[in-house]
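Please examine the sequence and the fold shown below before reading on.

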Amino acid sequence: MIQQTHQISFHFFDVGGRDAIYIRFLGSDSYWHNILVDGGYGKEYKNAFGPLIKDLISNNEKIDNWIISHVDRDHIGAVLGFVRDIKILDKHEVVKNFLFNHSPEVIQASNGKISVGDGIKFRDYLSEKNLLSTVPINTKTIPVECSGFKMTFLSPTPEKEAAAKELWRVEETSGKIGRPEDKSDHKKTIEELKTAKFIEDTDPINGSSISLLAEFGDLKALLLADSHPSDVIDSLSALGYCKKKPIEVEFMQLSHHGSKANTSSELLEIVNTKCYVVTGNGIHNRHPDKEAIVRLLTKDKRSSEILNIHFACDTKDLRNIFDVDVNACDNHKFECSYAELGPESKTLAYLPLKDNV
């Protein structure tokens, strides 16, 4: 399961349309390093990060950073699986550092998709182990560097990070999760969707997401969690990127599992890549929205190269998205892969080691 053929690799586990990302790299200190991002719902821990962590322990390795992007249950849930895993002793030694925004408020647990209750349990665990950072993670936070790997935070803004903490004061009571099937746009054609008006996500919890520009030498990638595109645009602009000078990345993870409200044409215009990752499974919340994918295919000044759209999951719903279109892949020059980004995948592996060339 543990990759040792490339200097760096990114792996997206199939956890039912949620986020569970594993980054592995050979550091400038000649040791292997490991970073986790989110993990999916709690029930997914035993199928994804649980076995991975045990393999790393067997290999006498540790996790340098575990990033919990925000408190939506489909992102934070599996972290509680780790906390409750009685087979892993000395957990505070297995994971060196957690990057997690939290509130000091003591409130009731959640019964909705915003898992404030999980956030509280995890915060208390970190506090007990003296791992709880008091430094918020937002766009004002200095980049985190680890043996040649650099993480620059593109979101949240300090204002949105603070607003999310305020939501910890109120118990989430709606319990409503997802959209019904009739709200899906998968039956609409590319032609119908290519002129759709963009309306940005306004959800404050999504806006509190920790999103990253990951850098390893000259290699760059965008891990966008559920972030708001306007915040990512502002951060990339502050780094000197614009429509005339787009950032070159190996791949871009579409925000919010491919939601149409989290991928704008303006964002796509300042990112240059031929590779996109989508974590939605077409069922949960009906993500990805086809409208978001159409923006990739029809963006201004798109190169003639074939676009690669990598779906972290493999479902009938995903494979059927372009059934209503005639020769969609040929006409719009793209290819799709399904559930090929797991822990043994070399799809997003870069800089092969000489012994493995």
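A residue is termed buried when its relative accessible area is under 20%. Leu341 has a relative accessible area of 1%, so Leu341 is buried. The model under discussion is predicted, and Leu341 is placed by it in the loop between S15 and S16. Although 328 residues separate Leu341 from Phe13 in sequence, their C-alpha atoms are 6.6 Å apart in space. If residues up to four places away in sequence are not counted, Leu341 touches Phe10, His11, Phe12, Val277, His310, Thr347 and Leu348.

The overall description gives a setting for this residue. The protein has 357 residues, of which 57% count as buried, and its secondary structure comes to 12 helices and 16 strands. Among the contacts with a separation of 6 or more, 75% are accounted for by residues 24 or more positions apart. The accessible surface comes to about 15800 Å², and carbon and sulfur atoms hold 48% of that area.

The average pLDDT of the protein is 88, and 87% of the residues score at least 70. Two segments call for caution in reading. Over residues 106-114 the pLDDT stays under 50, and the model has 32 contacts beyond four places in sequence for them. Residues 171-178 also stay under 50 in pLDDT, with 14 contacts beyond four places in sequence.

How is the nonpolar interior arranged? In soluble globular proteins, nonpolar side chains tend to be buried together. The largest nonpolar core here has 34 residues, and Leu236, Met252 and Val271 touch the most other members. At least two residues of this core come from each of helix H6 (190-193), helix H8 (229-238), helix H9 (265-269), strand S13 (275-278), helix H10 (290-297), strand S14 (307-311) and S15. H10 gives the largest share, four residues. A second, separate core has 31 residues, including Ile63, Val71, Val94 and Phe122.

Met252 is in contact with Leu222, Leu224, Leu267, Leu268, Val271, Thr273, Cys275, Tyr276 and Val277, leaving aside neighbours within four places in sequence. In H8, the buried residues are Pro229, Asp231, Val232, Ile233, Ser235 and Leu236. Gly240 follows H8 and has a positive phi, near 100 degrees. H10 is mostly covered, with eight of its eight residues buried. These are Lys290, Glu291, Ala292, Ile293, Val294, Arg295, Leu296 and Leu297, and their cover includes H6, H9, S13, S14, H12 and S15.

Asn34 lies in strand S3 (residues 32-38) and has a relative accessible area of 0%, so Asn34 is buried. The side chain of Asn34 has a polar contact of 2.6 Å with the side chain of Tyr22, and another of 2.9 Å with the side chain of Glu61. Beyond neighbours within four places in sequence, the residues in contact with Asn34 are Tyr22, Ile23, Arg24, Leu56, Glu61, Lys62, Ile63, Asp64 and Asn65. One of these, Ile63, belongs to the second core.

The aromatic side chains remain to be considered. A pair of aromatic rings is described by the distance of the centres and the angle of the planes. A search of the whole structure finds 11 aromatic pairs. The ring centres of Phe10 and Tyr350 lie 6.4 Å apart, and the pair is edge-to-face because the planes meet at 65 degrees, over the cut-off of 60. Since Phe10 lies in strand S1 (residues 6-12) and Tyr350 in strand S16 (residues 349-352), the pair ties together parts that are 340 residues apart in sequence. Phe10 and Tyr350 are both buried, and Phe10 is one of the residues that Leu341 touches.

What is the geometry of the rings of Phe322 and Phe334? Their centres are 4.9 Å apart and their planes are at 55 degrees, so this pair is tilted. Phe322 lies in the loop between helix H11 (316-319) and helix H12 (328-332), and Phe334 in strand S15 (residues 334-338), so the pair ties together parts that are 12 residues apart in sequence. Both of these phenylalanines, Phe322 and Phe334, are buried. Elsewhere, ring pairs link Phe13, Phe49, Trp66, Phe82 and Phe98 into a cluster.

Conventions. Residues numbered from 1 in each chain as written. Predicted model: local features only at pLDDT ≥ 70, side-chain atom pairs only at ≥ 80, totals over all residues. Heavy atoms only, no water. Phe/Tyr/Trp six-rings, centres within 6.5 Å; stacked < 30°, edge-to-face > 60°. Buried < 20%, exposed > 50% of the residue type's maximum accessible area, 1.4 Å probe, protein only. Polar contact = N/O pair within 3.5 Å; in protein donor to acceptor, adjacent residues only side chain to side chain. Contact = heavy atoms within 4.5 Å. pLDDT = per-residue confidence, 0-100. Core = buried A, V, L, I, M, F, W, Y, C linked by side-chain atoms within 4.5 Å. Areas by Shrake-Rupley, 256 points an atom, 1.4 Å probe, with all protein chains shown as cover.
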